[in-house]
Amino acid sequence: MFTIDRRGLVAGVATLLAAPRLARAQGSVKPRLTLISQWSAGSDGAAITSLGRVFEQEGGVWQHSPVPGFTTEMMNKLRADILAGNPPAASQLKGPEIAAWSRIAPTVDLTEEVKAAGYEEVVAPDLAKLHKPQGKWIALPLQIYRTNTLFASSKAMAKVGATELPKTWEEFNTLAGKMKAAGITPVANGGIRWDDGMKFEIALAGISPAAYRKAIMELDDDTLRGPEVLAAFQQLRRFADWMDPAVAGQHYSVFLPRFIKGEMGMLMMGGWAQGVIRHNGFDAGDYMIGQAPVDNGKPCFVLNADAFIFWRSKEPDLQAGQKLFANLVMSKRVQEMYSKITGSIPVRTDMDLSGESWSEGQREASRSLNESVRENQAVLSLAHNMAQSNQLSAAMIDVLTEFVHNKSVTPEQGRQRLAEAVESAR
Amino acid sequence: MGLEAEPLQRPALGAAAMPAGAATAALPRPAGRARWRGWIGRLAPHLVLWPPLLVSVLHVVSFTLYTTWISFTPSTLLPEYDWIGVQNYVSVLNSRNWKIAYSNLVIYGCGFVLLTTALGLLLAVLIDQRIRAENLFRTIFLYPMAVSFVVTGTVWAWLLNPAVGIQHLVRGFGWEGFRFDWLVDREMAIYTIVIAGVWQASGFAMALFLAGIRSVEADLYKAAQIDGAGPWRIYWRVVLPCIGPIFIAVLVILLQFAIKTFDLVRALTGGGPGLATQLPTLVVYDLMFQRGLLGRGAAAAVMLLLSLLVVLLPYFAYARWRKRREARHG
């Protein structure tokens, strides 16, 4: 972890020396930024601290108030600040919640800055849409994770004689069957709500990215009641049957040691798990990583992204700070520094990840993002509140998590309940 | 964590419990010799009583009214003040989560209250047998009460986890077929919350019962012994009827515990597997803070408050009735 931090810092500082001094352009006021996020510890904390240091080196005053713990705690702080008429200059917010929250307090129009930086051309279109709800950029994405990432334990793979990650669900199912026969728990699982929800989104996106887009992102009723969604529920039931029955209600990371030891075969988790595995003292040779199966053979990217929303402020120093911060967040060097620390991939699709401090997993994910955007197979994550508002996501995930843990619900019933949940939550 | 989710319930109970506590504090004390002493003596109860009462009333009543108001508005992320009638109540009542949560509350509430009372009474009777190291045992049994529900939940989550906890241990002893996987069994998971809750609260029930048993007059015991009653009969016919009021108090306190349980479930099962251990308090929190539906969350909170009143009002009625009866009988 620490070497990465230092590397990230060195990279940040090095690029800094070469970069134009943005702060000078801001006139006489010293740019200042008040920021709320939940990032206080681990690689997230290290990354935001480094970003703050870059901000300070550019002549800004960095006032970050982390609200650690659940996202809801941070939202409560934000709500209280908005009610008090004193929102922070920027705060961490993601997905459709950006549009929802932008309706309750005035935000900053960043369209000029985005245009000047030529940023819109290098952001995945679906992602860009989330950050300009009324056609104006009011928020900026910071980093991207792919949720449909498949990890396979090297030991488990060796035990069943497999050398390659499965490419389709059929291959996946065959491999899982072999693992089961060899006494390995095929699917490593925690059993928290979003974990269960993610399994479904990975299955559906792999079965048909187009159906995923229609059913999950556009909530098309016919597709929600269609054959692809049923197939996804059937696949989700297979996952559930392959999980350790003794696991429920725990974080997936609790079981990483068993996964590495080869007692559990495959882990479906976002790219952030790389950082967690590394944090547990295991290295890249302990697991294989790649895209989760996609049946149509083309890359598909289920996207989860962190972002900042910018709240309007009357104070000139805060306004200058927001401009400076926006330019930093959009810049290649900050995105590179940030992603190297957290293990995510940059938002910009025009970055070169061939440098040696990028991991193979990051390179692969970034390639996959570019190709998926081209193939129109980059979709937004349901389980991580990217596809729908929190209210709708929660209603849908209720159905999914219950389906995973209640084997008396048939896939047909699951599909029907999902469609009904969408109907009643809308 | 639980506090924000149910701003109504906790302070409300504090306030509700207060008159009872205040009544003991205000018992007539020996009159002072000097006049000013008597004056202070008369004033002190008021000084002790009124400030907290006023603060509680301001806090509890005003926020209760505010929440009730919000429950009739279309508020989502922030409070809004348009009237939409009972729409929020209808949609909460129709939601699957709420139905699951309430049927769970019935199972958990009954199981928790009955088992805790029974176990507390048993412990109290056993400790009453003039045993050695009574204080030690009393402390041990009371200790879980000093532990927060979050800690209880986390500890029991590991104990009950079949892969590392009790099941694993017993299998390690050689009983390979042993199964105790309630925590991950969605039919049985709610009972794990009963177990953890009973473990936590039975010492408290014991303390109350023990105090009651000890307060029974020695003459009654002696009279019963002279009449030739065995220990079993003495408890059943003499002691238990005498401590009837304690039963009511224990039941009420435990019931309100059960209704406002939040942190225990949050730490033990997180409402899972699936939605199997959802309780109303979790639904309130989920609606208000996870889904950003303040109006519906407030409606759910108001219904939770009403279910508390269902418990507390009969108790107050009973307390009044008893007071009157005592006044009549002198």
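Visitor: Which strand does A:Gln291 lie in?
Guide: A:Gln291 is in strand E8 of chain A, residues 287-291; strands (E, at least two residues) and helices (H or I, at least four) are DSSP runs, numbered from the N terminus. This is a predicted model, where local features need pLDDT of at least 70 and side-chain atom pairs count only at pLDDT 80 or more, while totals for chains, interfaces and linings use all residues. Residues are numbered from 1 along each chain as its sequence is written, chains are lettered from A in the order in which they are written, and side-chain values use heavy atoms, without hydrogens and water.

Visitor: What lies 3.0 Å from a polar atom of that side chain?
Guide: The backbone nitrogen of A:Cys300 lies 3.0 Å from a polar atom of the A:Gln291 side chain.

Visitor: And which residues is A:Gln291 in contact with, leaving aside neighbours within four places in sequence?
Guide: Among them are A:Arg146, A:Asn148, A:Lys298, A:Glu364 and A:Ser368, with contact meaning heavy atoms within 4.5 Å.

Visitor: Switching to chain B. How many helices and strands?
Guide: Chain B has 15 helices and 0 strands.

Visitor: At what angle do H5 and H9 of chain B cross?
Guide: The axes of H5 (residues 96-127) and H9 (residues 189-215) of chain B cross at roughly 40° and come within 6 Å. H5(B) is therefore oblique to H9(B), as angles under 35 degrees count as roughly parallel, over 145 as roughly antiparallel, 65 to 115 as roughly perpendicular and the rest as oblique.

Visitor: Left-handed or right-handed?
Guide: The crossing of H5(B) and H9(B) is right-handed, meaning that the near helix is turned clockwise from the far one by less than a right angle.

Key
Axes fitted to C-alpha atoms, helices over the stretch in contact; angles between N-to-C directions. Polar contact = N/O pair within 3.5 Å; in protein donor to acceptor, adjacent residues only side chain to side chain.
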